[in-house]
Amino acid sequence: MIDPLPPRDLPRHQWRRLRDRLATLLITAGGIGVVVTVMAIGVFLALEVAPLFLEAGRSLGWRELWQPRWQPGTLPGESPLFGLQPLAWGTLKAAFWALLFAVPLALGAAVHSALFMPPRLRSRLKPTLELMEAMPGVVVGFVAGLVLAPWLDRHLAGALALLICLPVGLLLAGLAWRRLPAAWRHRLPHGWAGLWLMPWLALLVVSALWLSPWLEALLFGGDLRGWLEAHAGLGYASRNALIVGLAMGFAVIPGIYALAEDALSGVPANLGEGAQALGATRWQSLWKVVLPAAAPGVLSAVMIGAGRAVGETMIVLMASGNTGLMTLSPLEGMRSMAASIAIELPEAVPGGIHYRLLFLVALVLFVFTFLVNTLAELVHARLRSRYRRLGGRS
Amino acid sequence: MIGRARLPRGEGVWPWLAAGSLALSLLMLAGLLFLLAVRGMGHFWPSPLTLVTLEDGRLLAGQAVREERQPNAAGRERLYLTGNRDLDGAIWRWVAVDEIAEESRPRDLVVLERTRWGSFQGRLLALEERGERVEGEAAWAALQARLQELAALRAERDRLRDEIVVPLVRRMEREPLAEAELARASARIRELQARIAGGRLLLESVDGRRLEQPLEQVLRAWRPNAMSPPAKVAAWGGGVWRFLAEGPRAANSAGGVWPAIFGTVLMVLLMSVVVTPFGVLAAIYLNEIAHQGRLTHLVRIAVRNLAGVPSIVYGVFGLGVFVYGIGGSLDEWFFADQLPSPTFGTGGLLWASLTLALLTLPVVIVATEEGLARVPDHQREGALALGATRVEMLTRVVLPMTAPAMLTGVILAVARAAGEVAPLMLVGVAKLAPQVPVDGDFPFLHLERKFMHLGYHIYDVAFHGSDVQAALPLVYATALLLVLVILVLNLTAIFLRHHLRARHGALPRR
C-alpha cells in the first residue's frame with residue numbers, strides 16, 4: 001500500500017499520527033481477528049472430532065465407521081450402528097441427480113446467452129437468474145416435497161412424457177422457424193429465442209400432460225409404476241431422488257449458469273470471429289474453438305455447483321424422505337449428511353459419540369466443499385491468465 | 001457477441017436445445033413464483049360454497065379444491081373442503097364427478113371460523129343469548145353485531161392480560177404490593193370473560209344434522225355466496241391483514257405469522273449490526289493495510305470459498321462454540337442459580353444472530369472489497385499528497401466512495417440470512433415461542449429467548465402438522481411472504497450495484 005508522508009513534528013500532528021497509528025492497529029487487529037475466527041471453523045470442528053479417535057476405551061475404527069447401516073437410534077435393547085456409508089451414499093446420490101438435471105440446462109442456457117443473445121437482453125437476464133438463486137431452500141423444498149412429490153406420485157407417466165416431448169417440441173420449433181417468411185423471422189429473432197420459446201414450452205407441457213394417459217395406456221398397459229416394478233424392478237417411494245434432483249437442480253442452475261456464462265463470454269472475441277471468418281458456423285466455432293478455450297471455467301462452474309448440491313440441507317431434508325437406503329434408483333429416497341445433522345444434532349447428547357460423529361460429518365462436508373471451491377478457484381485463475389495470454393479482454 | 005445477426009443456416013439442432021434450456025429455466029422460475037402467488041394470495045379470498053346433491057340424494061356443502069383422475073376407474077373425482085370436523089370427523093371429501101346430480105350456490109350458506117374444530121359450513125338457524133332467541137334472517141344480522149362486540153371484548157381482555165397481568169405476575173416476586181393491582185385486573189378479566197361467554201348458535205349442516213355452537217368459540221362468520229365483489233375484496237384485505245398481524249392458532253395450522261415475522265426481522269437486524277462493522281473492518285484490512293503478498297491472496301481466496309461452505313456447517317459450529325461453549329460458560333458464571341435449566345446454554349436469539357453473522361461475513365467482505373477495489377488509486381494518492389494520514393484518507397475519501405458497495409453487501413447478507421433455515425434449527429429457532437424476545441421487562445431485549453422464524457415456520461407447519469392439507473394454504477402464504485421479502489432485498493441490492501457500476505465504471509484495479 002501507499003505509505004503516508006511523515007507529518008511535521010507539531011503537537012497536533014503528533015496527535016494525528018498517534019490517532020492514525022491507533023486506528024491502523026485497530027483495523028489490523030479487527031481484520032486479523034475476523035479472518036482468524038472465520039478460519040477457525042475447520043480447526044474447531046477437527047478439535048471436537050479428535051477425541052473420537054484418540055480417546056482410549058471408546059475409539060472407533062474405520063471398519064465400524066464404514067458399515068452400511070446408520071442407526072443412531074436410542075431405542076432400548078438396540079445397539080446403535082454408526083456406519084457413515086449410507087449418508088455418504090445419499091449425499092452423493094442427491095448431488096448426482098441434481099447435477100444430471102442442472103448441468104445440461106445451465107450450460108445450454110449459458111451457451112445461448114453468451115453466443116446468441118444481444119448484450120442488452122443478457123444484462124437484464126443475469127439479475128433475473130440471480131433472483132432464482134436467492135430463492136430460499138426451504139421454499140423450494142416445500143414445493144418439491146408437498147406439491148411436486150404428490151403430483152409425481154400420480155403423474156409419473158406425465159413426467160416421462162415431458163422428458164420426451166420437450167426436446168422434440170423444441171426441435172420442431174426450430175424447424176418451423178426456418179420455414180417462416182423472413183419478415184416473421186425478423187420479428188422473432190434467434191437471440192430472443194430464450195423468451196419467445198417460453199409460451200411454446202408451456203403449451204408443450206400442457207399437451208404432454210394431456211397426452212400422457214394415452215401414452216401410458218399404449219406403452220405400459222396403463223400403469224407405468226406397475227410396469228417399472230415388474231420389468232425393471234424399481235420400487236417407488238413418493239419422496240425420491242428424482243424430486244430431490246429436480247428441486248436441487250433448480251437451486252444450482254443459476255450458480256452454474258452465472259460462472260459458465262462468465263467463462264464463455266470472456267473468451268477473446270477474435271478467436272470465435274476467426275473461426276467464423278474461415279467458414280465455420282457459430283455452433284462449430286463454439287464447439288471447436290470457444291468451448292475448449294473456456295473449458296476450465298465451465299469445469300469450475302460445475303464444481304461449484306457440485307459443492308452447493310452436496311451441502312444443501314433444507315431441500316434434501318424436505319424432499320428426500322430421509323431413509324438411509326443404498327440404492328441407485330432415482331425412484332427411491334435417501335438420507336444425506338447435511339439432513340442427518342439437521343435432524344439428529346439437536347437431540348444428540350453433547351460430548352457423546354453420536355454428537356462427535358455428527359461433528360465428523362460436518363467436518364467432512366466442510367473439508368469437501370472447501371477443497372472443491374478452492375480447486376475451482378485455482379482452475380478459474382488459470383483460465384484468467386490464459387485469456388490474458390490469448391490477448392483478449394480479461 | 002460474435003458479429004451481426006446472421007442466418008444460423010446449417011447449425012443443426014443444438015442451438016435450439018440451448019435456447020430451450022434457457023427458456024425452460026425461466027419457465028420453472030416463473031412457474032414457481034406464479035404458484036406461490038396464486039395459492040398464497042388465493043387462500044384469503046372468500047371462495048364460493050357449493051351445495052352438491054349426489055345421485056343417491058346425499059347433500060354436502062363445500063369449496064371445490066381440485067379434480068383428479070380416479071385411480072382405478074375411468075371417471076374423475078373432485079375434492080371438496082367441507083369443514084365440520086366435529087360432525088364428520090374429517091374436513092375433506094372426495095366425490096366422483098359422475099355421481100353429482102346437481103350443484104347450486106344458495107345464498108344462505110354460512111361459514112364460521114371457530115377456535116375449535118376448524119370451520120363450520122352450513123346454515124344458521126337461530127342465535128340464543130340470555131334467554132332471547134332470534135331466528136331466520138334476523139339471526140344473521142344479530143350474529144354479525146354480536147361478533148363485532150365479541151371481537152372488541154376479546155381485544156380488551158388480551159390487552160389486559162398481556163400488558164398488565166403478565167408483567168405484574170413477573171414482578172410479584174420482588175414487589176408484594178402488586179397483588180392488589182393484580183387482583184383488580186383479574187377481576188376485570190373475569191368480568192369480560194363472563195360477558196364473552198354465554199351465547200349459543202343453533203346450526204344445521206346441509207344434510208340436516210343439528211349442532212349447538214357456543215358463541216365464544218366463533219371468530220368470524222360470512223356468507224360467501226351472498227357477498228358482492230367489493231365485500232369480497234374487503235374480506236380478502238382483512239384476511240391478509242390478520243395473517244400479517246395475528247399470532248398462530250391451533251398448533252400453527254391457522255391464524256397469522258406475526259411472531260415469525262417479528263422474530264425473523266429482529267434476528268436479521270441483530271445479525272447485520274454484528275456483521276457490518278466486522279465485515280467492513282476485515283475488508284479494509286485485507287485491501288488497504290495488509291501487505292499485498294501471496295498470503296493475503298490466499299486469505300482472500302479462502303474467505304471467498306467460505307461463502308460456499310454449507311450453511312449447516314456454520315450451524316454445527318454455532319452449536320458447539322456459541323451454545324455449548326460460550327453459552328455453557330456464561331451459565332456457570334452468571335446464572336448458576338438457575339442451573340440445570342440453561343439460560344444462555346441453549347439455542348437463542350443471540351446465538352442465532354451470531355451464527356448467521358459468521359455465515360454472511362464472507363458476503364459482506366467480498367462486496368466491500370469489490371467496492372474498495374473500484375476506488376481509483378489516484379484518489380488515495382491525492383488525499384495522501386494533500387497531507388492526510390492514512391486513516392483520514394480512508395474515512396474521508398475511500399469509505400464514502402465505497403458506501404454503496406458496503407450497503408449492497410449488507411443487503412445481500414440480509415437476504416441470505418432471511419432465507420437460511422438449516423443453521424437456525426441447531427441454534428435457537430422454536431416452532432412456537434411463548435414470549436416475543438422484546439417486551440416491557442428489563443432489559444427489554446431478551447437475547448437468550450428462542451424465537452420464531454418464517455422459514456422454519458414453513459418447514460414446521462408443512463412437515464410436522466397434524467393435517468398438512470388443511471395447513472397448506474397457510475404455508476403457501478408464508479412462503480410467498482418470505483420470497484417477497486427476499487426478492488425485494490435482492491432487487492434493492494441489484495439496483496444499488498447497477499447504480500454503482502454506472503458511477504464508477506468497470507473494475508480499474510487487479
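Modeller: This is a predicted model, and I begin inside one chain. Across the interface of domain 1 of chain A and domain 2 of chain A, the rule finds zero salt bridges. On the side of domain 1 of chain A that touches domain 2 of chain A, the residues comprise four nonpolar, one polar and no charged. The area buried between these two domains is about 430 Å², and carbon and sulfur atoms give 87% of that area. In terms of residues, five from domain 1 of chain A are in contact with four from domain 2 of chain A. As for their extent, domain 1 of chain A covers 1-47 and domain 2 covers 81-389. The C-alpha centres of the two domains lie 44 Å apart.

The contact between the chains comes next. Here 106 residues of chain A and 96 residues of chain B take part. Between chain A and chain B, about 9,400 Å² is buried, with 77% of this area given by carbon and sulfur atoms. Three salt bridges are counted between the two chains. One of them joins Arg16(A) to Glu392(B), with 2.7 Å between the closest N and O atoms. There are also nine residue pairs in polar contact between chain A and chain B, both residues of each pair being at pLDDT 80 or more. Helix 1 of chain A, residues 11-49, gives the most to the side of chain A that touches chain B, with 20 residues. That side of chain A divides into 72 nonpolar, 21 polar and 13 charged residues.

Ser25(B) is located in helix 1 of chain B, which spans residues 14-42. Leaving aside residues up to four places away in sequence, Ser25(B) touches Leu105(A), Met132(A) and Ile253(A). The relative accessible area of Ser25(B) is 1%, and the residue therefore counts as buried, the cut-off being under 20%.

Definitions and conventions: Residues are numbered from 1 along each chain as its sequence is written. Chains are lettered from A and ligands numbered from 1 in the order in which they are written. This is a predicted model: local features need pLDDT of at least 70, side-chain atom pairs count only at pLDDT 80 or more; totals for chains, interfaces and linings use all residues. Side-chain values use heavy atoms; hydrogens and water are left out. Helices (H or I, at least four residues) and strands (E, at least two) are DSSP runs, numbered from the N terminus. Buried means under 20% relative accessible area, exposed over 50%, partly exposed in between (1.4 Å probe, protein chains only). Contact means heavy atoms within 4.5 Å. Domain bounds come from an automatic or database domain assignment. Buried area is the accessible area (1.4 Å probe) that two parts lose on being put together, summed over both. A salt bridge is a side-chain nitrogen of Lys or Arg within 4 Å of a carboxyl oxygen of Asp or Glu. Ala, Val, Leu, Ile, Met, Phe, Trp, Tyr, Cys and Pro count as nonpolar, Asp, Glu, Lys and Arg as charged, and the others, Gly among them, as polar. A polar contact is a pair of N or O atoms within 3.5 Å; within protein, one must be able to donate a hydrogen and the other to accept it, and residues adjacent in sequence count only if both atoms are side-chain atoms.
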